[in-house]
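The sequence and structure come first, and the notes follow.

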Amino acid sequence: MAGDTLDGVPLLSQTRYQDLHPGQKFGPFVEPLSAAVSSVLRGELGTERAGAVAPAGVLPLVTLRVLRRALSGIPPGGVLLGQSFDVQAELPSECTLDVAVVVSDKDERDGRLYTTFRFTIENEGVVAALVDWTIRDA
Amino acid sequence: MTGLVPFPEVRHLVDGAAIAMYAEVSGDYNPLHVDPDYAASGPFGVVVAHGPIALQAVYEAVATWLGCEGLPAGVTVDVAFRGPVPIGSTVVCRATEVLQFAAVVVVMASCTVDEREVLQALVKLPRRLAPV
């Protein structure tokens with residue numbers, strides 16, 4: 001995973017948040033997780049530590065990568081308001097994940113659009129975590 | 001926090017090397033995070049860290065508290081991002097409250113930079129996992 005740029009997926013998407021609709025599904029995408037990346041994300045960045053179990057820091061990382069794949073980049077102008085992590089099983093530090101994402105909610109309040117994405121992270125067919133992202137469109 | 005091991009305070013320095021490392025593993029080279037010249041004309045005036053970098057301090061605090069490498073099954077973490085983390089900052093994660101219920105323990109944690117809150121986290125875990 002380290003050093004790649006997602007096979008040329010652009011940083012910014014041409015998709016706008018208003019183009020998305022609840023229930024819209026993307027993936028699943030295959031995301032390999034390496035022991036080296038797990039080591040980087042275990043504790044303070046810059047202090048690599050080996051271990052058998054993946055640190056929780058892999059969850060926001062993998063979902064960021066998957067959102068970019070799903071939308072061919074990240075729609076510009078959004079502000080990440082919150083993330084939720086529901087851990088259902090430990091992940092080994094090195095594994096291959098299948099990650100699907102769905103637009104789980106859209107809400108307009110005070111003239112601003114709030115979009116929530118639900119990611120389902122599976123390892124060997126078992127759900128390891130559910131992750132939600134809520135983004136406010138600027 | 002009666003009866004429980006105190007939730008640890010964790011400090012993480014978010015320097016240029018840390019931000020570059022996160023860019024490398026995530027593939028997110030947004031110039032707001034990696035280009036000082038671009039960032040200087042942006043909304044924050046300086047390079048700011050990727051959002052999840054501040055979360056690293058929460059995760060380390062929870063893992064240290066629970067004595068594990070990752071998060072065990074049954075743990076949930078809800079995060080609200082409150083503000084940017086400028087390059088060179090030290091993120092400090094502390095528990096602001098620990099609530100014990102019959103079946104669950106809830107930790108409310110806050111991450112600050114120079115006493116400015118940048119992130120709030122609500123950690124819920126089955127009571128059997130809470131360290132005593």
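## Chain A: elements and overall form

Chain A has two helices and five strands, where helices (H or I, at least four residues) and strands (E, at least two) are DSSP runs, numbered from the N terminus. Starting at the N terminus, their order is β-α-α-β-β-β-β.

This is a predicted model, in which local features need pLDDT of at least 70, side-chain atom pairs count only at pLDDT 80 or more, and totals for chains, interfaces and linings use all residues. Residues are numbered from 1 along each chain as its sequence is written, while chains are lettered from A and ligands numbered from 1 in the order in which they are written.

Along the principal axes, the C-alpha atoms of chain A fill a box of roughly 45 × 30 × 25 Å.

## Where the chains meet

In all, 37 residues of chain A are in contact with 32 residues of chain B; contact means that the C-beta atoms, placed from the backbone, lie within 7 Å. On the side of chain A that touches chain B, helix H1 (35-40), helix H2 (58-71) and strand E2 (78-87) each supply at least two residues. E2(A) gives the most, with eight residues.

E2(A) also pairs with strand E2 (residues 76-81) of chain B, in the antiparallel sense and over five bridges; strands pair if DSSP finds at least two bridges between them. A:Phe85 has B:Val77 in E2(B) as its bridge partner.

Technical notes. Contact = placed C-beta atoms within 7 Å.
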